[in-house]
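This report goes through a few local features of one chain. The sequence and the coordinates come first, followed by the notes.

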Amino acid sequence: MSRWTPHVTVASVVERAGRYLLVEEDKGGPFSLFNQPAGHLEPGERLTQAAERETREEAAWHITLTDYLGLYVYTAPDDVTFHSHAFVGIPLAHLGNALDSGIVAAHWLTLDEIEALERSHRLRSPLVLKRIRDAMAGRLFPLDVIHER
């Protein structure tokens, strides 16, 4: 019997002047989808390192993490379960590097624009808006609640 293994991912909510950093992804469907900079944890990597790396690779932004939003467990329609660790970060510098394959562009969007994307079914998952709303509500934890060696 094989052991069930959820996918461990990270995501970063990054806000600047009332706008949130989202990446536009081409997943081969009829239209692109939007997500926070997010991705899988790599072997030997800390969760915080993964969140910063994914933001550099997908959005070309150097950020610093300020808070932990928590663990979001999501089972996709294809029955794949994700354990997504979400963080809040602040932008430090635009890096200008090429974006990861499949990323069309990085955008700074208002909450109204993100809600319109949700109504159009263009958010990658329901976690995108949930993480933003949790950050806006101040549901934050200090980074030191994560114990990694």
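## A loop residue with positive phi

His-121 lies in the loop that joins helix H2 (111–119) to H3. The model is a predicted one. Although His-121 is not a glycine, its phi is positive, at about 60 degrees. Is His-121 buried or exposed? With a relative accessible area of 63%, His-121 is exposed, because the cut-off for that class is over 50%.

The relative accessibility of Ala-60 is 2%, so Ala-60 counts as buried; the limit for a buried residue is under 20%.

## Helix H1 and its packing

H1 is made of 13 residues, and its first and last C-alpha atoms are 18 Å apart. That span is close to the 18 Å expected at 1.5 Å a residue.

Which residues of H1 are buried? They are Leu-47, Ala-50, Ala-51, Arg-53, Glu-54, Thr-55, Glu-58 and Ala-59. The buried residues of H1 pack against several strands: strand S1 (7–16), strand S2 (19–25), strand S4 (38–40), S5, strand S6 (81–94) and strand S7 (103–109).

## Arg-131 in helix H3

Arg-131 belongs to helix H3, which covers residues 127–136. Arg-131 is buried but forms no salt bridge. The nearest side chain of opposite charge is that of Asp-134, 8.4 Å away, whereas a salt bridge requires a side-chain nitrogen of Lys or Arg within 4 Å of a carboxyl oxygen of Asp or Glu.

What does the side chain of Arg-131 make a polar contact with? The partner is the side chain of Gln-36, at 2.9 Å. Leaving aside residues up to four places away in sequence, Arg-131 touches Ala-11, Val-13, Asn-35, Gln-36, Leu-69, Tyr-72, Ser-84 and Ala-86.

## The annotated range

An unreviewed UniProt entry carries the annotation "domain: Nudix hydrolase" for residues 5–131. Within residues 5–131, the chain is 21% helix and 46% strand.

Notes. Residues numbered from 1 in each chain as written. Predicted model: local features only at pLDDT ≥ 70, side-chain atom pairs only at ≥ 80, totals over all residues. Heavy atoms only, no water. Helix = DSSP H or I, 4+ residues; strand = E, 2+ residues; numbered from the N terminus. Buried < 20%, exposed > 50% of the residue type's maximum accessible area, 1.4 Å probe, protein only. Lys, Arg positive; Asp, Glu negative; His and termini not counted. Polar contact = N/O pair within 3.5 Å; in protein donor to acceptor, adjacent residues only side chain to side chain. Contact = heavy atoms within 4.5 Å. UniProt positions renumbered as here; feature names shortened; annotations may be inferred. Expected span 1.5 Å × (residues − 1).
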